Amino acid sequence: MERVILDPGDLRNAANNLCEKALDDAKSQLHPLLQNIELDRLDQRGEFLQAFKSALEQRIARRLALWQPGIQAVFKYEETRTENMENWDGSIHLLVKVPRLSSAVKALGRRLDKSLVRYLKQLGWKRFRSRQSILEVQQVTPNELRHAIGYGALFCAVYTAPVKVWPHN
């Protein structure tokens, strides 16, 4: 699991591809009359933002699992509840279930985050302009889950319990 290293150019291309496909996925869920609206105006539509965030979470989760085959599952979680998607701060929080903590997963998450920030800032959306980080990838082990310690304790949360995004059952 420690051996998957990606070239920075490959990582940048992968991040661009993830974002573009997530934008396409989100647009495809809109009413046909709204699908051709300028991208900068879609940033103000809650249903589009929710679809984009969801698509991005799922695409990132699949890509992480492809790059790091030891990943057993990926969950999304929220640091704080967002009642209104227009107030979404642009952050993505993922928990990856791994057999043991890995410095490769940690490094990959940080590097992917930098590439995502670079792409998303180009969109011109206010929520991304001043962001230094967008993606947070944390690891959780079966032991932490079993004993509800560390990030495993999040699974006991009442309102913001993590939700599995990969693999789909």
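Predicted model: local features only at pLDDT ≥ 70, side-chain atom pairs only at ≥ 80, totals over all residues.
**Exercise 1. Find how many aromatic pairs the whole structure holds, and classify the two that involve phenylalanine 128 and a tryptophan.**

Step 1. Searching the whole structure turns up 7 aromatic pairs. Rings of Phe, Tyr and Trp (its six-membered ring) pair if their centres lie within 6.5 Å; planes under 30 degrees apart count as stacked, over 60 as edge-to-face and the rest as tilted.

Residues are numbered from 1 along each chain as its sequence is written, and side-chain values use heavy atoms, with hydrogens and water left out.

Step 2. Start with tryptophan 88 and phenylalanine 128: ring centres 6.0 Å apart, planes at 90°, so call the pair edge-to-face. Tryptophan 88 sits in the loop between strand E1 (73-76) and strand E2 (92-97), and phenylalanine 128 in helix H5 (residues 126-129), so the pair links parts of the chain 40 residues apart. Helices (H or I, at least four residues) and strands (E, at least two) are DSSP runs, numbered from the N terminus.

Step 3. Now tryptophan 125 and phenylalanine 128: here the centres are 5.8 Å apart and the planes at 20°, so the pair is stacked.

Step 4. Check burial (under 20% relative accessible area is buried, over 50% exposed, partly exposed in between; 1.4 Å probe, protein chains only). Tryptophan 88 and phenylalanine 128 are buried, and tryptophan 125 is buried too.

**Exercise 2. Work out how H1 packs against H4, and which residues make the contact.**

Step 1. Helix H1 (residues 8-28) and helix H4 (residues 103-121) have axes 9 Å apart, at an angle of about 60°. Axes are lines fitted to C-alpha atoms, for helices over the stretch in contact, and angles run from 0 to 180 degrees between N-to-C directions.

Step 2. H1 and H4 are therefore oblique to each other (under 35 degrees is roughly parallel, over 145 roughly antiparallel, 65 to 115 roughly perpendicular, the rest oblique).

Step 3. List the contact (heavy atoms within 4.5 Å). On the H1 side, the residues include Leu11, Ala15, Leu18 and Leu23; on the H4 side, Leu108, Leu112, Ser115 and Tyr119 are among them.

Step 4. Sort by class: 11 nonpolar, 2 polar and 4 charged. Ala, Val, Leu, Ile, Met, Phe, Trp, Tyr, Cys and Pro count as nonpolar, Asp, Glu, Lys and Arg as charged, and the others, Gly among them, as polar.

**Exercise 3. Do the H1 and H3 packing.**

Step 1. The axes of H1 and helix H3 (residues 46-67) come within 8 Å and cross at roughly 140°.

Step 2. H3 contributes Phe48, Phe52 and Trp67, among others, while H1 brings residues including Leu11, Leu18 and Ala22.

Step 3. The class count for H1 with H3 is 14 nonpolar, 1 polar and 5 charged residues.
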